[in-house]
Amino acid sequence: MESNQSRIAVCNQKGGVGKSAFTTLLASHLHYTLGRDVLVVDCDYPQWSIYAQRERELAAVEQSDYYKLLLVRQFRQTGRKVWPVVRCMPADAETETARFLGSGYQPAIILYDLPGTVNAEGVIGILSSLDRLFVPMKADKVVMESTLSFARTLHLTLVQNGAVRLAGVHLFWTMIDRRERTPLYAQYEEVIRRLGLPLMQTHVPYRSRFNKELLADSTGVGRSTLLAPERSFAADAQIDALASEILSILNMTDNG
């Protein structure tokens, strides 16, 4: 791997916080909107949800002149080809990633989509090889107990282990209902500070379009592997802010 490549993942052992959705949205925003070459390695066995979404979208494009037109317009405006996705078992991720990079494509950022458990063979190896791990969390007691245990364990066993690459586990709030007033955020942030875990500034609100594929209509594009998130959606859903903060953490804000 080239020294200027960054390896990251959005991961949480607790389901329902949108790890695959965030991986897809970040990959498309980084690649199509910000011009950063990305590679997605889908290790989320057995569903391989990002790879499966790409296949569904390619099939949908074949049946829709409108989607074809959107892709042509995007390419003319940006010159960006579709970002590649590699499907593999977690234990084969290093080999399959190296094999793909051997074809000549050298992404600035490699994003891994991981299974929901670190007990799957190969997952600890992938986590150890990352530069940074980003952990979405929501203000729910069960979710937070699992999330903090997961993040703290990785911080102690991997981040503080000089023999591995992982340099940080970064938490961020998601699925925030701005109408909701709850003391849970302040209470949990105090716990996070005591645990010594980095807390990101970006707060991602709940938006139904996170779960809608190829929403290519008058409301713009939502979550897609082929098209950039529509700019107003990316701003409203804080995807642009999240991507910018991740680039800052990775020291990649110079666009080079």
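This report describes a sheet and some helices of a predicted model.

## Basis

The model is predicted: local features need pLDDT of at least 70, side-chain atom pairs count only at pLDDT 80 or more, and totals for chains, interfaces and linings use all residues. Residues are numbered from 1 along each chain as its sequence is written, and side-chain values use heavy atoms, with hydrogens and water left out.

Five bridges join S5 (residues 132–137) to S6 (residues 169–176) in the parallel sense. Phe134 has His170 in S6 as its bridge partner.

## Helices H6 and H7

Helices are DSSP H or I runs of at least four residues. H6 covers residues 141–159 and packs against H7 at about 10°, with the axes 11 Å apart; axes are lines fitted to C-alpha atoms over the stretch in contact, and angles run from 0 to 180 degrees between N-to-C directions. The two helices, H6 and H7, are therefore roughly parallel, a term for angles under 35 degrees.

In the contact (heavy atoms within 4.5 Å), Lys141, Met144, Leu148 and Arg152 of H6 meet Tyr188, Val191, Ile192 and Leu195 of H7. By class, six of the contact residues are nonpolar, none polar and two charged.

## Helix H9

H9 (residues 239–249) has several buried residues, including Ile239, Leu242 and Glu245; buried means under 20% relative accessible area with a 1.4 Å probe, protein chains only. Asn251, which follows H9, has a positive phi near 55°.

Notes
Buried means under 20% relative accessible area, exposed over 50%, partly exposed in between (1.4 Å probe, protein chains only). Two strands pair if DSSP finds at least two bridges between them. Angles under 35 degrees count as roughly parallel, over 145 as roughly antiparallel, 65 to 115 as roughly perpendicular and the rest as oblique. Ala, Val, Leu, Ile, Met, Phe, Trp, Tyr, Cys and Pro count as nonpolar, Asp, Glu, Lys and Arg as charged, and the others, Gly among them, as polar.
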